[in-house]
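Hi everyone, thanks for coming.

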Amino acid sequence: MKHSTKVAVIGAGHAGIEAALAAARMGVDTVLFTLSLEAIANMPCNPSIGGTAKGHLVYEIDALGGEMGRAADAATLQSRTLNLGKGAAVHSKRVQADRKQYHRYMKAVLEKTPNLRLIQAEVVAVSKDAEGHITGLTTHLGEFWSCEAVIVAAGTYLDSRIFVGSVNYESGPDGFLPSRGLSASIREIGVSLCRFKTGTPARINRRSVDHTVLEEQPGEERALPYAATTPENYLDGVEQIPCHIVYTNAETHRVIRDNLSRSAMYGGHIHGTGPRYCPSIEDKIVRFADKERHQLFLEPMGRDTDELYLQGFSTSMPPDVQEEMLHTLPGFANAEMMRYAYAIEYDCCDPTQLNATLEFKEIPGLYGAGQFNGTSGYEEAAAQGLLAGINAALKIKGEPPLILTRQSSYLGTLVDDLIIKGTNEPYRMMTSRSEYRLLLRQDNADQRLMPHGHRVGLIDGDRYRSFLEKQARIKEEIERLGTTHLSPSVVNPLLQEKDMPPIQTGASLADLLRRPGLDYGALRPLDPARPALSRAEQLSVEVQIKYEGYINRQIAEVSRHEKLESRMLPSDLDYKKITGLRLEAAQKLSALRPQTVGQASRISGVSPADISVLLIYLGLH
């Protein structure tokens, strides 16, 4: 049988969902293939959305018109803002999500989206023509689908293998089938693949854990949602389910050390590279031998299940060792495992083969997204899927691509890191990866990215007008606070109440807001005529005023780098013929083919002197 579509997406995990929804919502006929309809939006690892820098990505996804934020809001069991003791740049929302509710939500959205067909089938081959352009794909049932673009969002399913102690077998995550033939086909058309590894801890029955000896971690009251379309009071009346904290101890560490040789990783069974920032518990014990304990989080997996997830206790030990390890933890003496922990190996691509649109440089029409591109995490995957879907649709419609810069977003930073630096381990987004993190806050994701979402057609007119009105209110309030002055007699009683030094001369409300210990809400008694703003608007006003000097400094830094970022490099430039360019630099530039001078400057092995030579050559040539 022969079929046709415009965009074919392989995999209905977090990347594939966003890719398919974006292309379909932009009016392009799209088909989303999944090995199992029950695996849609599955959370095989942590049942959560967000976290440090990951929460930023979810806000960015929402600002561009993606779905993850709305789904996370709908499935929230608990919400917390991380890093509140630090500056606003690193404040990150994280929610515990009901994993089954999240799956049901996303499946329903996919089923109801116009221009989108959802098909359970294994894709075993991708085809291209003599010129290298993608022509279609073939399923395991022999169906051929012709298309103009294929987005590979296969997650951890490509030739995937599960490891538990000395036992290993072909399998996808959570017992789903692996993708067995696609890797070979992708290699055949010219994609370079590598082998990565990740893992997950055991799932535990709630009734078998003594919660009374654990430290309770409640949810955050009046948490703001991820999505702009979700009401701010979305958690009012919702009972948030607490998480709990427990620590490993000397006995836990002894059990692990005594059985290291039985671990699949230390026993030599696993050859894929694992994530540096989310190691297995045995890896933690080896790498941080001086630490007396490690913090673990006991997390709910849903409202209608007693399954619990023990974050931080990922392992590839055999079942008997897993049980012995678990029973050493306080409150877990009688803990019952419902699912054993495992490690999983899978194929992924070398992301330096991609350009900034996530299209393969040498294979027009082929895009990569998510863990197939060497990343880890649901949020990194969803963000890439959204960008790949947008660009595939734009290319088919004959419109300019969407390319996000490092200074515009964490998504831009993520893509730039992948395509310029590559990765030799599963890549995880962190706030420290961005040199512009004070500009890339959660509270201004819509300001940074919603115009792009509107331009490509994922943000409709009504939502965009609401966004413009919100920005106008924020600007007006910042101006009002800066021009509203109060006398010492009005201000000092409040300062005295808060045990703060008095002022001797008049001060503006903005000046007061810049003081440590005062926030927008604290100034309400001094400012009865203030306008009615949403909590999100109040937060943006406060952050922009408090950090104004630092923000302006980063804006100036961005301006200094814009010349390099905007200077395009010819795609056919022969770097080996540029006199004065070091051999290593010429080889790296020839291999990676950066699109701009700014990208070239971030390539390992290319020095500032090489960039100077390149600029002189471009100016004279």
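So, how many bridges join strand β2 to β11, and do they run parallel or antiparallel? There are 4 bridges, and β2, which covers residues 7-10, runs parallel to β11. Just keep in mind as we go that this is a predicted model.

Let's stay with β11. If you find alanine 8, you'll see that it stands opposite valine 150 in β11. β11 also pairs with β22, residues 366-368, again in the parallel sense, over 3 bridges. Valine 150 turns up here too, standing opposite leucine 366 in β22.

Now the side chains of that strand. Which residues point which way from β11? Ala149 and Ile151 go one way, Val150 and Val152 go the other, and all of them are buried.

Okay, on to another strand, β18, at residues 295-300. Of its 6 residues, 5 are buried, so β18 is largely enclosed by the rest of the structure. What does β18 pair with? There's β17, residues 243-247, joined to β18 by 4 bridges and running antiparallel. Then there's β19, residues 307-311, which pairs with β18 in the antiparallel sense over 4 bridges. Look for leucine 298 in β18: it is the bridge partner of histidine 244, and it stands opposite leucine 310 in β19. β18 and β19 form a hairpin, with 6 residues between them.

Next, some backbone angles. Most residues other than glycine have a negative phi. Alanine 41 is not a glycine, yet its phi is positive, about 55°. You'll find alanine 41 in the loop between β3 and β4. Is alanine 41 buried or exposed? Its relative accessibility is 0%, so alanine 41 counts as buried.

Arginine 593 has a positive phi as well, about 50°, and it is not a glycine either. Arginine 593 sits in the loop between α17 and α18. With a relative accessible area of 23%, arginine 593 is partly exposed.

Last stop: arginine 441, in the loop between α10 and α11. Why does arginine 441 count as buried? Because its relative accessibility is 2%, and the cut-off for buried is under 20%. The side chain of arginine 441 makes a polar contact with the side chain of aspartate 443, at 2.7 Å. Setting aside neighbours within four places in sequence, arginine 441 is in contact with several residues, including His56, Ala88, Arg448 and Ile551.

That's my tour, so over to you for questions.

How values were computed. Residues numbered from 1 in each chain as written. Predicted model: local features only at pLDDT ≥ 70, side-chain atom pairs only at ≥ 80, totals over all residues. Heavy atoms only, no water. Helix = DSSP H or I, 4+ residues; strand = E, 2+ residues; numbered from the N terminus. Buried < 20%, exposed > 50% of the residue type's maximum accessible area, 1.4 Å probe, protein only. Polar contact = N/O pair within 3.5 Å; in protein donor to acceptor, adjacent residues only side chain to side chain. Contact = heavy atoms within 4.5 Å. Pairing = 2+ DSSP bridges.
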